[in-house]
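Subject: Structure for you to look at

Hello,

Here is the structure I said I would pass on. Please open it next to this email, and then read the notes below.

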Amino acid sequence: MTTSTAPIAARTASAGTLKRALALPALLFLVIFLFPFIAGPHYVILMFSAMGYAIALLGLNLLFGYTGLLSLGHAMFLAIGAYTAGYMTSTRITNFELILLVAVAIGATVAVPIGLLCIRYVKIYFAMLTLAFSMLLYSFLFKFYHLTGGDEGIRIKVPTLTAWDLSGLDTLSVLTGPLYYYVFALLVLLTALMRCLTGSSLGLQLRAIRENQQKAEYLGVNVKRYRLVAFVIAAVYGVLGGVIIAIPVGLADPTIAYWVQSGNLIFMLLLGGYTNFLGPLLGAVVFIFFQDQLMSFTEYWRLTFGVILVMIVIFFPNGLMAAVDRGRWWST
Amino acid sequence: MSAQSRRNFLKLSGGAFALGSFAGAPAFAQSPPVKIGVLAARSGVLASIGECALATVQWWADGVNKAGGILGRKVELVVEEEGNPKETAERFRKLALRDNVEMVTGLISTGSGLSVGPIAEELKTIWMSWDATTQKDVEETLPNPKYSFRSTDNEVEGLMASLLTVKHFKGKIKTVANLGTDYSYGRNMWETFMAMMKKYDMGVAPVADLWVKVGTTDLTTFVASLQQAKPDLIMSSLLFTDAFIFVKQAHAAGLTGASKLVMPAGGFQLNEMKKQYTPEGMILGHNSMYFEAPNASPLLKEFVAYYKGKTGLFPHFEADRAYSAVASWKAGVEKAAQQTSGKWPSKDEIIKAIEGISVESLGGTFSYRPDHIPDCNFYMGFTTHNNPYDIVTISPVETLNTRDYQKPAGADFFKWIQAKQFPNLS
Amino acid sequence: MLASANILVGGVFHAAVLFLVAAGLQIVFGVQKIVNLACGSFYALGAYFGISALAWAAAFEVPAIAYIPILVGSGLLLAIVLGPSVERLLRLIYDRDEHFQILLTFALVLIFEDAIRLIWGAVPLQTINVYFAFGELRIASDLAIPNYNLIVIAAAALISAAFGWMLRRTRFGRIVRATAENKQMSEALCVDVSKVYMAVFTLGVALGTVGGALVVPAGAASIDMGVELIVDAFAVVIIGGLGSMPGALIGALIVGFVRSAAIWLYPEFELLAIYVIVITVLIVRPQGLLARTA
């Protein structure tokens with residue numbers, strides 16, 4: 001993992017570097033913004049999904065990239081988001097903002113006790129404990145079908161928006177139109193928020209804890225509290241992402257929480273570059289689109305993905321952003 | 001005739017047929033191919049089921065193309081994988097929006113079905129489902145599907161198994177046990193069975209209610225638990241690998257001798273129901289297709305021979321689910337084309353034509369009701385070792401038609417059972 | 001009462017299977033500090049390869065007595081072929097953060113899942129003759145335990161004992177333990193650590209493949225059998241204590257019995273019971289029941 005004093009240095013960077021440094025994120029966001037105009041509907045919905053994953057990964061990156069905790073159970077928060085959307089849209093409360101708020105509330109409420117338990121441990125134990133919790137949720141969702149619908153899950157209807165009247169629009173138009181931009185705005189907002197968080201003292205503390213837990217403790221950093229904060233923030237981002245990802249599917253079902261999904265999330269993060277702030281977004285987009293192409297190309301796409309992951313882990317652990325990284329404004 | 005020489009024969013005869021009809025029908029080269037999307041499970045628990053169905057569709061497509069295609073257009077299959085609901089929804093949209101397929105066929109899992117149904121309706125893509133139907137599907141998500149054509153209610157095989165149980169075991173059993181597959185289908189089966197036991201005053205009490213997690217490969221504890229409960233009859237909705245593993249382990253422990261067995265969907269695993277451990281006198285269900293049906297049509301015989309030659313295995317009933325879906329659609333296209341003087345009909349016209357249509361499928365006559373739910377034959381019977389194979393077969397084969405055993409559109413299933421006078425089994 | 005004995009044996013049988021897979025996890029973690037998510041995959045590969053080996057042997061009409069050695073042999077052969085290659089791959093990232101090692105093994109899970117489908121196909125496979133070839137233990141007129149189950153249990157116990165003996169009594173075992181405790185010191189004392197790592201990893205793989213091969217006659221081989229087992233195996237090592245071989249045994253027995261008891265008494269909680277125990281152990285005694293170090 002890299003140590004870096006980049007944020008401080010960046011603040012004193014010249015205007016030219018800043019301009020160059022802003023280029024890549026701006027470009028990415030521009031492409032995503034224009035996407036419904038340049039790509040067909042199938043791809044636009046994929047991008048919709050990718051935005052959801054990007055949001056979830058922003059949180060996971062805080063936990064893994066900045067705090068050094070590898071969660072093999074992050075998918076459980078995506079599931080919580082999805083099921084919240086399911087329960088709420090089956091009532092009369094179909095408002096998107098409200099769904100997000102409720103999801104955040106539930107996600108945070110669940111994350112605090114789980115987090116308190118998990119962050120006492122590091123590395124392997126943290127990974128295994130998070131895996132255990134996510135599989136517990138999976139089993140619960142599967143078994144208690146009277147509450148959760150079991151393997152059939154809960155239907156998710158397209159939510160309504162406060163700022164936009166969606167009546168008369170079919171689902172495809174909504175997903176590639178108003179809701180797409182809503183989610184885009186949310187993505188930009190959450191990205192900016194995460195940037196602030198990581199650039200702030202919180203980010204510094206987390207990095208210090210990641211580098212050397214004992215040293216951080218001696219320096220007066222409350223390790224447990226900061227880890228918990230990171231965990232809960234990651235959970236909240238995960239829940240938000242989960243709501244978004246599940247809407248095009250139209251169904252919240254237990255497979256969302258399965259441990260292999262958590263593995264895929266880490267895969268995406270590594271692909272994009274976990275040491276890099278833009279890694280989550282890039283990783284999500286590349287992974288989703290590449291998987292789409294690959295699945296049509298060969299039935300043995302899992303094998304291909306496995307090989308790619310091996311290559312990344314061995315040769316390109318810092319992911320795609322390491323290849324693209326020119327300026328340092330957005331690197332950790 | 002060996003598989004290879006049969007293939008050659010088909011090629012030659014198909015070629016001759018095509019040549020013969022060359023004068024009348026438009027050649028392939030002039031019309032664009034008709035693309036059909038296939039969503040087949042290829043990994044996980046459903047893999048062997050999806051592979052059989054996919055192979056059937058490919059065989060059907062080959063046959064159709066040899067005979068000149070559909071309205072002169074060559075059939076081209078675009079195959080995607082059915083995975084979890086999210087992946088399946090994505091692949092469905094890809095087929096509909098990017099590949100612009102005329103129709104999508106496939107799907108086995110109910111969860112994916114619940115996700116895809118509304119998408120099919122919304123994208124106005126005809127979806128000919130193989131499976132993926134349970135009570136909930138029919139009641140909640142798509143009460144009036146226009147573009148989706150479902151599969152039969154799964155409960156039919158539960159009804160049939162119950163009726164056979166009543167017919168042969170009334171007064172002879174006092175206790176029953178459930179060894180269910182732990183998801184919605186298994187629950188439906190058990191509820192159906194117990195409702196029927198009650199309806200016919202069988203006077204049986206359940207002494208065990210066991211649920212096997214999907215994907216389990218070790219059932220020794222379940223076997224032991226059942227032995228402790230000592231039921232007269234075990235109703236098991238197991239249908240995956242666990243189905244035959246159960247029978248194998250039950251036999252080893254002496255359970256198959258002590259309790260009667262009923263496995264309504266066990267036919268999925270027919271190739272693994274080996275004589276060594278599968279008892280005679282077990283009620284085994286083969287859903288909509290039994291490879292050795294008493295009045296097997298030439299179509300079925302040809303297919304079974306083809307499949308056996310290609311894979312070394314007998315096909316299970318998902319083959320018929322797949323065949324009937326695509327064959328009905330083709331028949332619908334051709335029927336609608338009669339009104340449009342040979343031009344390719346619109347989706348609405350095709351849909352209207354499929355409603356009420358009747359085709360010859362692998363499992364016999366197959367038709368779609370106006371509510372897009374099919375009617376077909378169901379096969380079930382008592383197992384016997386009296387055959388030249390290493391697996392059990394059923395004899396005599398009880399056949400029923402869903403016309404008398406499947407609930408009508410919009411009806412509440414359990415209320416309907418209560419009131420219904422089921423015709424006697426032959 | 002007698003049927004309870006059957007349930008007991010069922011629990012022990014399940015435990016035996018779990019133990020073999022978990023032991024493979026343990027030895028690799030204990031020495032190399034790698035959590036091998038692919039341990040379930042090796043188990044699955046062992047099962048499939050065992051079936052192939054038996055099918056091949058059937059052509060030569062070997063007597064029933066040869067089945068067990070053939071199964072064990074095929075498992076060992078597979079391990080000798082796969083183990084070193086996979087270990088070489090892992091070796092490339094030994095010096096990295098252990099997170100990467102977990103992720104590499106996750107990649108292997110994906111690769112092996114498709115590899116199995118590529119080689120053996122999607123249809124579940126089984127072998128028929130072996131399970132019934134050894135007779136049965138008749139407890140009552142309608143109650144029997146197939147002797148094969150007992151053989152598997154005995155084999156697991158034997159392997160467990162052999163391991164204990166190997167670790168404690170042989171020179172190799174001492175070297176392994178030393179390397180596990182202090183790699184650098186071992187290196188300083190002229191132990192070829194890379195060779196030890198390769199041997200240990202292959203041993204870990206062998207436990208999985210032999211376990212899969214031994215168990216498959218009682219059931220069947222299916223594509224997803226590895227992925228499902230991981231979670232159980234994890235549960236076992238957490239309960240028993242990461243890195244502890246006796247812990248694997250205790251953990252396996254606990255998980256096996258809890259499973260059986262749940263199925264028998266309270267099926268609703270069968271799935272959840274294991275996780276609840278895992279989480280409880282992790283909270284109350286995170287190092288596991290038998291680990292020496294936290």
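Start with two helices of chain B. Helix 6 (residues 155–169) and helix 7 (residues 184–199) of chain B pack at an angle of about 35°, and their axes are 9 Å apart. Axes here are lines fitted to C-alpha atoms, for helices over the stretch in contact, and angles run from 0 to 180 degrees between N-to-C directions. Helices (H or I, at least four residues) and strands (E, at least two) are DSSP runs, numbered from the N terminus.

The model is predicted: local features need pLDDT of at least 70 and side-chain atom pairs count only at pLDDT 80 or more, while totals for chains, interfaces and linings use all residues. Residues are numbered from 1 along each chain as its sequence is written, and chains are lettered from A and ligands numbered from 1 in the order in which they are written.

Among the residues that make the contact are Leu159(B) and Val166(B) of helix 6 of chain B, and Met189(B) and Phe193(B) of helix 7 of chain B. Two residues are in contact if their C-beta atoms, placed from the backbone, lie within 7 Å.

Next, the sheet. In chain B, five strands form an open sheet in the order 2-1-3-4-5, with parallel pairing; two strands pair if DSSP finds at least two bridges between them. Strand 2 (75–81) and strand 5 (148–149) of chain B are the edge strands, each pairing on one side only. Helix 12 (residues 318–339) of chain B packs on the sheet and touches strand 3 and strand 4 of chain B.

Strand 3 (residues 103–106) of chain B is covered on both faces: Met103(B) and Thr105(B) on one side, and Val104(B) and Gly106(B) on the other, are all buried. Buried means that 20 or more other C-beta atoms, placed from the backbone, lie within 10 Å of the residue's own. Strand 3 of chain B pairs in the parallel sense with strand 1 (residues 34–40) of chain B over four bridges, and Gly37(B) stands opposite Val104(B). Four bridges also join strand 3 of chain B to strand 4 (residues 126–129) of chain B, where Trp127(B) stands opposite Val104(B).

Last, the contact between chains B and C. Chain B gives 34 residues and chain C gives 38 residues. On the side of chain B that touches chain C, helix 8 of chain B gives the most, with seven residues.

Regards

Notes:
Buried ≥ 20, exposed ≤ 12 C-beta atoms within 10 Å, placed from the backbone.
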